[in-house]
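Here's a quick tour of one chain in a complex, and of how that chain meets its partner. Have the viewer open while you read.

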Amino acid sequence: MSADIGYEFAFGSYEDAVRMVGARTEPRFAGTAVSAARIQHFAAMVQDGNPSYWDPDFATREWGGLVAPPALLMGLLIPPPWLPTEAPRVAGLAIRVPLPGTTFINASNDAEFLIPILEGDRLSVVEELVSVSPEKTTKLGVGHFVETCESFYRDDGTLVATNRNTLFRFTPAAQS
Amino acid sequence: MTWDEIFAPADLPEVVDEITYQRVVMNAATTWDYFPGHFDPAYARSQGHPTIFVNTMHIAGFIDRVATDWAGPRSRVVRRRMRILGSIYAGDSMVGRARVVEKRCDKTSAATRYLVDLEVNVCNQRGELCCPAEVTLELSR
């Protein structure tokens with residue numbers, strides 16, 4: 001656990017990480033359904049006036065309801081910043097892979113949106129560890145690229161989106 | 001805009017968005033991504049960054065905005081591939097330059113899908129390429 005980043009953050013060796021490749025998680029559920037407030041807070045941040053996010057009449061006519069911005073996909077399964085329980089906040093699989101790196105940064109993302117995610121949908125995600133690279137040196141520091149694939153489902157079992165993400169788990173150059 | 005009204009190749013209008021500290025903090029708040037590099041300048045500096053920076057979701061949202069502002073609200077992002085080559089920091093601008101590279105019919109499923117492929121490059125105000133992306137939009141005819 002790292003207090004610095006606020007998530008359960010696993011440490012270990014590259015060999016530990018490689019042994020985890022292929023691991024697939026049980027479904028992890030969002031604490032709440034997708035809300036208009038979250039949709040519009042995100043759209044306001046991006047300054048995107050698309051009526052699919054703002055106009056319930058237009059969005060219902062066109063899509064069946066207010067649409068969650070596709071770019072918010074990963075955020076819909078991030079737990080709130082504080083929970084009123086002793087249970088740890090469980091973050092995505094990628095940062096729970098045991099590796100030496102003390103921090104991370106995202107490197108690439110490939111998302112496919114099969115059907116629109118709408119206000120009221122309650123999502124779950126199943127994550128798989130696809131690969132962990134051997135040690136690499138970049139301008140930021142020394143570390144490993146961690147590739148995961150996430151499948152997002154609606155309550156009724158419909159697959160709504162897939163998300164292949166690669167992050168760089170590293171120790172900053174000044175600290176290594 | 002309909003699929004029939006689109007021609008390839010074609011350039012989209014350039015979009016510039018100034019990223020203030022408030023926007024970066026909103027980024028953490030709206031996505032619930034409280035990685036401290038997105039809100040704590042001291043942490044960001046300790047990791048080798050000049051200050052706090054936006055996350056992948058913010059850049060993705062900007063890419064989608066560039067695409068659907070142009071194609072209209074009846075278009076839908078069905079796929080987005082992006083690589084993060086550099087960070088967008090508080091005080092930077094995101095500059096989106098995009099072009100249509102292909103239009104095609106996808107007949108692999110029961111209903112034909114009318115698709116348009118875009119290349120979207122997100123640079124900072126110094127012209128440094130921070131995030132090359134490919135976006136596929138679905139439109140009606």
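## Chain B and its partner

Confidence comes first: chain B has an average pLDDT of 96, and 100% of its residues score at least 70. Keep in mind that this is a predicted model. For the complex, the predictor reports an ipTM of 0.96 and a pTM of 0.95.

You'll find three helices and six strands in its secondary structure. Reading from the N terminus, the order of elements is β-β-α-α-α-β-β-β-β. The C-alpha trace of chain B spans about 50 × 30 × 20 Å along its principal axes. Of the 141 residues in chain B, 42% are buried. Take the contacts in chain B between residues at least 6 apart in sequence, and 65% of them join residues at least 24 apart.

| Strand pair | Sense | Bridges | Example of bridge partners |
|---|---|---|---|
| β4(B) and β5(B) | antiparallel | eleven bridges | R97(B) and N121(B) |
| β5(B) and β6(B) | antiparallel | ten bridges | L115(B) and E138(B) |
| β3(B) and β6(B) | antiparallel | six bridges | R81(B) and E134(B) |
| β2(A) and β3(B) | antiparallel | five bridges | A111(A) and R80(B) |

Let's follow those rows through the model. Strand β4(B) covers residues 93-106, and a hairpin takes the chain from β4(B) to β5(B) through six residues. Strand β5(B), residues 113-123, then pairs with β6(B). Those two strands also form a hairpin, this time with five residues between them, and G127(B) in that hairpin takes a positive phi near 85°.

Strand β3(B), in turn, is joined by bridges to β2(A), which is residues 103-113 of chain A. So which residue of β3(B) is the bridge partner of A111(A)? That would be R80(B). As for R81(B), its bridge partner is E134(B) in β6(B). As a general point about geometry, side chains in a regular strand alternate between the two faces of the sheet.

That brings us to the interface itself. How many residues of chain B are in contact with chain A? There are 33, and they touch 37 residues of chain A. On the chain B side, α1 (21-31), α3 (56-71) and β3 (76-83) each supply at least two residues. Helix α3(B) gives the largest share, with nine residues. Sorted by class, the side of chain B that touches chain A has 13 nonpolar, nine polar and eleven charged residues.

Terms used:
Residues numbered from 1 in each chain as written. Chains lettered and ligands numbered in written order. Predicted model: local features only at pLDDT ≥ 70, side-chain atom pairs only at ≥ 80, totals over all residues. Contact = placed C-beta atoms within 7 Å. Helix = DSSP H or I, 4+ residues; strand = E, 2+ residues; numbered from the N terminus. Nonpolar A, V, L, I, M, F, W, Y, C, P; charged D, E, K, R; others polar. Pairing = 2+ DSSP bridges. Buried ≥ 20, exposed ≤ 12 C-beta atoms within 10 Å, placed from the backbone. pLDDT = per-residue confidence, 0-100.
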